Amino acid sequence: TLIDGVDYHESQGIYEYDRDKAVELLTEAGYAAGDISLRLIAPATPVNQSLSEIFQAYMADIGIDIGVEIYDFATAIPMLKNKEAEICTGSLNGGVADAANNYKTHGSDSTNAANASSDETLNEYLAAGKSTTDPAARAAAYEAVQKWDYENFRWLPICYPMSCLAYSEKIESVPTYIYSAPYVKYVTFSD
């Protein structure tokens, strides 16, 4: 879902980690440890590498094998578009305050086939959020998207982002997109 600080964020709750419940549900569905193997493809960034390895470890803990493949962007993006991955990692961050931009890989028109959803209801919510100029209607549409995600377990949160700021009188400028997301890469320090 959208993170706190991004326009139209609505808290839907937090999934509690319950390894035993996950194993129980897999067993009830007829799966034993090792029965499920999925291919995860991600573009080569430190964040994608870390997210993929963390996800792989969590899934291994419940008996699901995740084959992680990290490629340069020129290789990974066409593979994702062509549905060569069965699962993908990603993040929503405060760097882009627009909900439509945060959800651009979410609907049926996504360029990331591993993340795209063909669910008609979800796509109607996404289209309504993108196309309306009425702030109340847009808020309602994006609240519905977040609720749909939460209820349908579309996203599997690996971590919940939190802001962490350091202050110093030697900082001259910190460009931000929203109040809770300074873009630290371009911070300027004085002497």
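**A walk through the model**

Start by selecting Arg39 and Glu69: they form a salt bridge (side-chain nitrogen of Lys or Arg within 4 Å of a carboxyl oxygen of Asp or Glu), with the closest N and O atoms 2.8 Å apart. Arg39 sits in strand S1 and Glu69 in strand S2, so the pair ties together parts that are 30 residues apart in sequence. Helices (H or I, at least four residues) and strands (E, at least two) are DSSP runs, numbered from the N terminus.

Before moving on: this is a predicted model, where local features need pLDDT of at least 70, side-chain atom pairs count only at pLDDT 80 or more, and totals for chains, interfaces and linings use all residues. Residues are numbered from 1 along each chain as its sequence is written, and side-chain values use heavy atoms, with hydrogens and water left out.

Next, pick Lys130 and Asp109, another salt bridge (3.4 Å, N to O). Lys130 belongs to helix H5 (residues 120-131), while Asp109 is in the loop between helix H4 (99-102) and H5.

Now colour by pLDDT, the predictor's confidence in each residue, from 0 to 100. The protein's mean is 76, and 65% of its residues reach 70 or more. Over residues 176-186 the pLDDT is below 50. Where pLDDT is low, the predicted coordinates should not be read in detail.

Within it, Asp20 pairs with Arg19, the closest N and O atoms being 3.5 Å apart.

Definitions and conventions: Contact means heavy atoms within 4.5 Å.
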